[in-house]
Amino acid sequence: EENGRMEALAQTLPWGIDRVDADVLHGEGETGSGADLAAFIADADPQAPLLFLCGNRRRDELPDRLQAEGIAFDELTAYETHSRTDLTLPPPGQETWLSFFSPSGLDAALQAETEGALDEYHCAAIGSTTAGALEEAGLVVDAVAQSPPPEGLVDAVLGAKERLRKA
């Protein structure tokens, strides 16, 4: 109910919260894809139905694998992604980088492209899914962060800048 007051009559700890310390894993550089998560869940063999919270733009690896494994789940679209329409890109230059956090960010940049082609920028991506979307769009991905925190992106860009300087 929109703007309604909700009260919990009972509370159950969501599956996974007590089994996975995400902040610890990210701190150790451990990340993965939906396929990796699906394998982890399948190996754990949960007995209760799962709640799969997702966005309106999601990949199919996780729900497809859960379904193939016979793991019951309910899917709920918890948020919607809408591309920005007011995005302004900086002028391209030899040292200008664009960092992409999702394929949706690429969509927004493609719509905003005004002063030159995106291939005139150095491109960085967080994770293989976003890097794959950039490559599918015909862009060179100079840096891929292996972990989502900002430090992962900084490390990837600094490493790429060093490689590019030596090339």
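## Cysteines

Cys123 is buried, with a relative accessible area of 1%, in what should be read throughout as a predicted model. Cys54 has a relative accessibility of 5% and therefore counts as buried too, since the cut-off for that class is under 20% relative accessible area.

The number of disulfides in the structure is zero. A disulfide is a covalent bond between the sulfur atoms of two cysteines, and the model contains none.

## Secondary structure and fold

The protein has six helices and five strands, and, read from the N terminus, these elements follow the order α-α-β-α-β-β-α-β-α-β-α.

When contacts between residues at least 6 apart in sequence are considered, 51% of them join residues that lie at least 24 apart.

## Burial and surface

Of the 167 residues in the protein, 28% are buried, Cys54 and Cys123 being among them. The accessible surface of the protein amounts to about 11,600 Å², and carbon and sulfur atoms account for 49% of that surface.

## Gly105 in helix H4

Gly105 is located in helix H4, which spans residues 103-112. With a relative accessibility of 26%, Gly105 counts as partly exposed, because this value lies between the limit of 20% for buried residues and that of 50% for exposed ones.

Along the chain, Gly105 and Ser83 are 22 residues apart, while their C-alpha atoms are separated by 7.2 Å in the predicted model.

Key: Residues are numbered from 1 along each chain as its sequence is written. This is a predicted model: local features need pLDDT of at least 70, side-chain atom pairs count only at pLDDT 80 or more; totals for chains, interfaces and linings use all residues. Side-chain values use heavy atoms; hydrogens and water are left out. A disulfide is a pair of cysteine sulfur atoms within 2.5 Å. Buried means under 20% relative accessible area, exposed over 50%, partly exposed in between (1.4 Å probe, protein chains only). Helices (H or I, at least four residues) and strands (E, at least two) are DSSP runs, numbered from the N terminus. Contact means heavy atoms within 4.5 Å. Accessible areas come from the Shrake-Rupley method with a 1.4 Å probe; for residues, only the protein chains shown count as cover.
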